[in-house]
Structures are given as structure tokens and as C-alpha cells.
Amino acid sequence: MSSGLSGLDVMLDGGFNRGRVILVLGEPGTGKTIICSQFLHYGAAERAENSMFIGMNEPKSRFLKEMLALGMDFARLEAEGRFRYIDATDVRKIPEQARVGRIAVGGRELGLVNLLETIQDAIAKFEPARIAVDSMSDLVFRFPSVDERRPVVLDLIETLQSSSATTLLTSELLSTGEERLLQPEEYLAEGVLLMRTLRKGVRTIQILKMRGSKVDTHPRPYTITGKGLEVLATEEVY
Ligand SMILES: Nc1ncnc2c1ncn2[C@@H]1O[C@H](COP(=O)(O)OP(=O)(O)O)[C@@H](O)[C@H]1O
Ligand SMILES: [Mg+2]
């Protein structure tokens, strides 16, 4: 399945394998939301595939406006029935001491259960071929330790794998540098894309892992302009 970015497709040796969950890992501002949008927009506009965005850090109106500025008209795709925006920003707002009826429950666990149900529901009703979840970090920030984070990430990934959709799942990079700590989601996802900004503002994307595919594992430069994100698959990074 085409990623919607021709340069990234070259790196991927054609595109993503269908049905996989791919992690998009990067620092803030590297273009994770934009890459998800191009992936969904391409599917909906060029392939007539149902595409669904699960937004955890911005309301729909802001998403539509920002993507329109980059040439992607998701409001039109929504009107045509090809696109759905699931506003999951409420997950972060559930207080630590929550209640279901009279019963006191942990707010962070309730948020997780609600979200997974929302996703399952939306998948059953809309049957998307492409899903983006942006960003996982807004869900798991309440589970800071690796031991707590791991089962949460596993539940989320299993929920997404239970559909036949191909999914991009974004996550904030927690540490940088050569000896950075690997995050649990890197082990659990079937593929990992790493987006970084180097010194002097050079942006690079690298495929760290893509199970079952022969891919280009070199970091490659990319640019972001008013037309979106473009991967320069044949250029080297110095
Ligand atoms: N028209 C544009 N021209 C150049 N850069 C842009 C444009 N629109 C957005 N960007 C860049 O895109 C980045 C934001 O992308 P986004 O996908 O929101 O990042 P992330 O989701 O990783 O935080 C910012 O660094 C911004 O500078
Ligand atoms: Mg973002």
C-alpha cells in the first residue's frame, strides 16, 4: 500500500504491507502529524479507501484548518464519506479520581478503556483501510514507567491489529543521541519510522524496522513546504 509519499515509497521498496501497525517516532515539530495526513489523504482521495484520523492532541477544526493550509481538503473527503476524524482529546482531561456511577476508578485506566472502545466502535462502523493515531504520547503520559507503559501500548497496538487497516501510530521521542533508550512501542510495532531534525535544521527520516520487507535503512533528508512533506529518497545525509 502506498504511503502517499513517493520518496518514502522508494525507501519502503513500494509501500507498507497491508494490515500492519507502523510507529512514527519523532521530536515535536518534525512532521509526524503531516506524514499521517498525507498517508490518509492519499488513500481517501486517490484510492477511494476509507481513512480515519484519531486525534488525541487537537480538535477537529484545528486539524482541518492546518491540513487545508498544506493543500489537503479533509472536509471535502469527509463530506464524500471517505474520511472520519475521531476527536479523542477528552482522554487527557479525565481527572485522576474518576467515577463510573458511584464507583471510584482510576482516571488514567478509564481514559484508556474509553479510547480503546471508541476505536473498536469506529473500526466496526467505518471499516477503514487506513488509520492514523496521533499521538500515542497523549495517552500514555500518565503511565511514565516502562513497566506501566508496556501493557498500555500492547493493548492499543492489539486493538489496531484486530482490524485489517494499515495504521500509523505516532509517538514523541523521549530521548535523543546515539545511546537513546528504546521505547516499548518500538519493540511492539511491526515497523518504525524515525524522524529527526539535525544541526542546521536538516530533517531526516529513517526506517529503523519494517518486519518482512527489504527496505532502505539509511537516514534520508526530507523537506516540509506549503505542499507538505517530501522525502528525498536518493539523497545522502552528511
Ligand atoms: N507551510 C509550511 N512551510 C514550511 N514548514 C511548515 C509549513 N507548515 C508546517 N511546517 C512545519 O511542519 C512542522 C509541524 O509538523 P507537524 O506534523 O505538526 O509536527 P509534529 O506532529 O511532529 O509535531 C513544523 O516544524 C513546521 O515548521
Ligand atoms: Mg503533531
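A residue counts as buried when its relative accessible area is under 20%. Keep that cut-off in mind for the last stop of this tour, which goes through a predicted model.

**Stop 1: the whole protein**

Show the protein as a cartoon. It has eight helices and eleven strands. Its radius of gyration is 17 Å, close to the 18 Å that the globule rule gives for 238 residues, so the protein is as compact as a globular protein of that length. Turn the view to follow the principal axes: the C-alpha trace spans about 60 × 45 × 35 Å along them.

Of the 238 residues, 51% count as buried. If you display contacts, take those with a separation of 6 or more: 67% of them are between residues 24 or more positions apart.

**Stop 2: ligand 1**

Hide the surface and select ligand 1 with the residues around it. There are 13 of these, and Gly 29, Gly 31, Lys 32, Thr 33 and Ile 34 come nearest. By type, the shell divides into four nonpolar, six polar and three charged residues.

A polar backbone atom of Thr 30 is 3.3 Å from an oxygen atom of the ligand, and for Gly 31 the corresponding distance is 3.1 Å. Taken on its own, ligand 1 has 570 Å² of accessible area, and the protein covers 60% of it.

Next, colour the elements α2 (32–46) and β10 (220–225), which each give two or more residues to the shell around ligand 1. The largest share, three residues, comes from α2.

**Stop 3: Thr 170**

Select strand β7, residues 166–172, and pick out Thr 170 within it. Is this residue buried or exposed? Its relative accessibility is 0%, which is under the 20% limit, so Thr 170 counts as buried.

Show the side chains of Thr 170 and Asp 134. They make a polar contact with each other, at 2.6 Å. Then display the wider surroundings. Leaving aside residues up to four places away in sequence, Thr 170 touches Val 24, Lys 32, Cys 36, Val 133, Asp 134, Ser 135, Met 136 and Ser 137. One of these, Lys 32, is also among the residues that come nearest to ligand 1.

Notes
Residues numbered from 1 in each chain as written. Chains lettered and ligands numbered in written order. Predicted model: local features only at pLDDT ≥ 70, side-chain atom pairs only at ≥ 80, totals over all residues. Heavy atoms only, no water. Near = heavy atom within 4 Å. Polar contact = N/O pair within 3.5 Å; in protein donor to acceptor, adjacent residues only side chain to side chain. Areas by Shrake-Rupley, 256 points an atom, 1.4 Å probe, with all protein chains shown as cover. Helix = DSSP H or I, 4+ residues; strand = E, 2+ residues; numbered from the N terminus. Nonpolar A, V, L, I, M, F, W, Y, C, P; charged D, E, K, R; others polar. Rg over C-alpha atoms; globule rule 2.2 N^0.38 Å. Buried < 20%, exposed > 50% of the residue type's maximum accessible area, 1.4 Å probe, protein only. Contact = heavy atoms within 4.5 Å.
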